[in-house]
Amino acid sequence: MRRTFTLLACFAMLSGCTPQTNIGRLAAMPVYGRENAASFNASFEKIWDAAVMSMQSGFFVVTHMDRQSGVIIAEFSVADPQEYIDCGKNTVTTSGFGIKDADLEYEVAAKYVKYPEVLIYGEGPTMIERRTSLAGKVNIFFTEDGKSTTRVTVITAYTFTVHKSGVRTELVALHETKKPFFGSTTELFTTGQAGGDPSVRCSTKYTLETRILDGIRDKLQ
C-alpha cells in the first residue's frame, strides 16, 4: 500500500520525482581600477623596441607587427583561465526520486570540476568532468603624444571554452547501455566589454593586459 501511494505521488508530482539538474549562474562583476593602457615618458622607437623584446618571452606568439602603423598582434593560450578572467559562479542542484539532493557551487572559469548532472530529463545523473580552456588575440596599439611620450593600449579578444565529458547510463529494454558524452560551449568577449554589455557574462581580470605593460616597463629599466 505504501509503495502504491509513493508511485501515485510521483505521477502526481512528476517534476519532483524525475531526476533533474538545475544550473544557475551569477555573472561576473566588471573589474575597475586596473589598467589596459599607459603613457610612457619615452620616444615611440624606444617603447616599440621594449615591447618587441618583452613579447619574445614565449608566452605570446606574435603574428603581426607594423611599426609604421604602431600595431602588434599576438596570440596566446593559458592552462588556467581563472587566473586571467572572471566568469561568475555556477550553482548546480541535482535532485529527483531516489536521489539525494546534490548542491555544488563553483567558479565558471575553474580549470577542473567534477559533479553529477542529469543530461536527459528522466535519466539518472551522469558524473561530469568539466574542463576549461582560454585562448585569444592581443592587439597592442602605440601612439605618440609628443616627441617624448608614447601611449600604449592593450585590447584582448578572449575565447573561453568549457569542455564537458562523462559516461551516460541509458536503460533500453531493461538493459543498461553505457554511452560516452562529450560537449563544449564557447564565450567570446573583449577587454572591458562586460562593463557595458549586459549579455556578456565574463570579464577580464586585467592580468594579461597588465603583464604586457609591465613587460615594457621592465625593458625600459
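Student: In which strand is Asn139 found?

Tutor: Helices (H or I, at least four residues) and strands (E, at least two) are DSSP runs, numbered from the N terminus. Asn139 lies in strand 9, which covers residues 126–144. Please note that this is a predicted model, in which local features need pLDDT of at least 70 and side-chain atom pairs count only at pLDDT 80 or more, while totals for chains, interfaces and linings use all residues. Residues are numbered from 1 along each chain as its sequence is written, and side-chain values use heavy atoms, with hydrogens and water left out.

Student: Is Asn139 buried or exposed?

Tutor: Buried means under 20% relative accessible area, exposed over 50%, and partly exposed in between (1.4 Å probe, protein chains only). Asn139 has a relative accessible area of 19%, so this residue is buried. By contrast, Leu188, in strand 11 (residues 175–190), is exposed, at 59%.

Student: Which residues does Ile140 touch?

Tutor: Contact means heavy atoms within 4.5 Å. Not counting residues up to four places away in sequence, Ile140 touches Met55, Gly70, Val71, Ile72, Val152, Thr153, Val154 and Ile212.

Student: How many residues has the largest nonpolar core?

Tutor: A nonpolar core is a set of buried Ala, Val, Leu, Ile, Met, Phe, Trp, Tyr and Cys residues joined through side-chain atoms within 4.5 Å. The largest one here has 36 residues, and Ile140 and Phe142 are among those with the most contacts inside it. Helix 3 supplies the largest share of this core, six residues.
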